[in-house]
Amino acid sequence: MFKRNLFFWLDRLQISPSERILISFFFAVLVILSTVRLYWQPAFVYNEEYYEPIEAEFKRLSLIREHEEAALLAQYYPPSDTGTKEPGVPLVPIKDNTVEPVASSNQDSVVSRLASLKVNINTATREQLTQLPGIGPVIADRIVAYREKFGEFEIIEQVMQVRGIGPARLKQIKPFLELKI
């Protein structure tokens with residue numbers, strides 16, 4: 001019955017006898033290759049010694065990259081006394097690709113310069129305001145315009161009424177602001 005249905009189906013496709021032989025041959029090869037693939041596992045040789053120098057170089061370069069990022073973060077985000085977790089003493093690579101700590105006097109000078117930068121928000125000019133972290137010329141102009149329109153600020157938090165200054169930016173600039181009426 002199966003044989004009869006198969007020949008009937010092939011006859012309906014109008015395949016010539018030579019094409020039938022060719023299709024049968026390819027089907028047989030497909031079945032044989034599928035069977036062989038099920039039982040044959042290719043040999044995979046993993047030589048750990050070959051990859052050790054590559055992994056060591058990757059780890060060394062990753063460490064250098066992490067230290068460069070820490071130094072960059074320390075440059076733009078100096079340590080504060082707020083209790084937040086910030087990077088410690090950054091490490092930077094030197095000529096022979098070893099790593100050593102950056103001199104802390106560099107960081108101290110940046111911190112002391114920023115700490116001495118107290119701006120009176122009621123009398124500050126555009127140039128003085130742009131020296132604050134996160135304040136560009138546009139927001140500085142908005143602060144000056146707000147001050148001219150509504151008068152002096154009564155409390156520091158009132159600066160949040162200026163468009164572009166929200167709680168996060170206020171938290172960032174508040175240590176550098178003072179209010180003298």
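**Before starting.** The model is predicted, and local features are given where pLDDT is at least 70, side-chain atom pairs where it is 80 or more, while totals for chains, interfaces and linings use all residues. Residues are numbered from 1 along each chain as its sequence is written, and side-chain values use heavy atoms, with hydrogens and water left out.

**The whole chain.** Select the protein chain and colour by secondary structure: there are seven helices and four strands, where helices (H or I, at least four residues) and strands (E, at least two) are DSSP runs numbered from the N terminus. Along the sequence these elements follow the pattern α-α-α-β-β-α-β-α-α-α-β.

**The largest nonpolar core.** Next select Leu129, Leu132, Ile135, Ile143, Val159 and Ile165, which touch the most other members of the 20-residue core. Such a core is a set of buried Ala, Val, Leu, Ile, Met, Phe, Trp, Tyr and Cys residues joined through side-chain atoms within 4.5 Å. Helix H6 (137–150) and helix H7 (167–173) are the elements that give two or more residues to this core, and H6 provides the largest share, five residues.

**The aromatic pairs.** Rings of Phe, Tyr and Trp (its six-membered ring) pair if their centres lie within 6.5 Å, with planes under 30 degrees apart counted as stacked, over 60 as edge-to-face and the rest as tilted. By this rule there are four aromatic pairs. Select Phe25 and Phe26 for one that is tilted, because the ring centres are 5.8 Å apart and the planes stand at 55°; Phe26 is exposed, at 51% relative accessible area. Then move to Tyr50 and Tyr51, an edge-to-face pair with 4.9 Å centre to centre and 85° between the planes. Here Tyr50 is exposed at 53%, while Tyr51 is partly exposed at 34%.

**Last stop.** Finally, select Tyr146, Phe150 and Phe153, which together form one aromatic cluster.

Note on methods. Buried means under 20% relative accessible area, exposed over 50%, partly exposed in between (1.4 Å probe, protein chains only).
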